[in-house]
Structures are given as C-alpha cells and as structure tokens.
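Hi,

Here is the structure I promised to pass on to you. My notes on what turned up in it follow below.

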Amino acid sequence: MTTESTHVTTENTHRVQIEYCTQCRWLPRAAWLAQELLTTFEQELTELALKPGTGGVFVVRVDDEVIWDRREQGFPEPTAVKRLVRDRVAPEKSLGHSEK
C-alpha cells in the first residue's frame, strides 16, 4: 500500500483557530472569516478550526498565538486579519487588492 506524499513539511504547518461566542450567535461571522482565510491561504494553512465559546469571545489565533481579540480590538475586518495571518505564515505573499 502506498500513500501520496504531501508538499507540506512540519516546519511549514500552520493552524488557525477562530473562537466565537455561541451565546451571541457569532458562528456565521466566524465561518465567513474562516472561508476568507482558507481561500487566501489555501497553500499555507494545514488546518483551520472553529472553536465554540461563550461570554462574548471572538478570538483569532495562528499557531496558538492570539492575533485578534474582539474584547481589545473590536470585530476585525477580514483584510486586517488576512494581513496578520500573512505576516506569520507567508510574509512574502502579496494580498493583491487587499493591501491597498
């Protein structure tokens, strides 16, 4: 039995987690942001997780590092989160019109 090799190495694996408040019904917002990130970073991310939470939480983490916390920064614009993710997983990547 053979397995297909992947082009991802352990040093280039990146995980994003979006923790959202279920009490506030923020799943659609979290899912939309997840879709934006997966579309933009389809080669750079190996995993994107949605984590249910409570108490008004909306936190974005890259490799366990908090890059956005709604309590401190308000709700993020997708462009701002994309820049922060890019800076950690693919600093050389252009975000095209999102960077203007």
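Helices α1 and α3 are oblique to each other, where oblique covers every angle left over once those under 35 degrees (roughly parallel), over 145 (roughly antiparallel) and 65 to 115 (roughly perpendicular) are taken out. Helix α1 spans residues 27-40 and helix α3 residues 78-89; they pack at an angle of about 45°, with their axes 10 Å apart. Axes here are lines fitted to C-alpha atoms, for helices over the stretch in contact, and angles run from 0 to 180 degrees between N-to-C directions. Helices (H or I, at least four residues) and strands (E, at least two) are DSSP runs, numbered from the N terminus.

Please keep in mind that this is a predicted model: local features need pLDDT of at least 70, and side-chain atom pairs count only at pLDDT 80 or more, while totals for chains, interfaces and linings use all residues. Residues are numbered from 1 along each chain as its sequence is written, and side-chain values use heavy atoms, with hydrogens and water left out.

Now the overall layout. The chain has three helices and four strands, in the pattern β-α-β-β-β-α-α along the sequence.

The four strands make an open sheet in the order β2-β1-β3-β4, with mixed pairing; two strands pair if DSSP finds at least two bridges between them. β2 and β4 (65-69) are at the edges with a single partner strand each, so one side of each has no neighbour in the sheet. On average, neighbouring strands of this sheet are turned by 20° against each other, direction ignored.

What is the sense of pairing between β1 and β2? Strand β1 and strand β2 (residues 47-53) are parallel, over seven bridges, and P52 in β2 is the bridge partner of Y20. Strand β1 (residues 15-21) has six of its seven residues buried, so it is largely enclosed by the rest of the structure. Buried means under 20% relative accessible area, exposed over 50% and partly exposed in between (1.4 Å probe, protein chains only).

Strand β3 (residues 58-62) runs antiparallel to β4, joined by four bridges, with V59 partnered by D69 in β4. The two form a hairpin with two residues between them, and D63 in the turn has a positive phi of about 50°. Helix α3 lies across β3 and β4, at about 165° to β4.

Happy browsing!

Terms used: Contact means heavy atoms within 4.5 Å.
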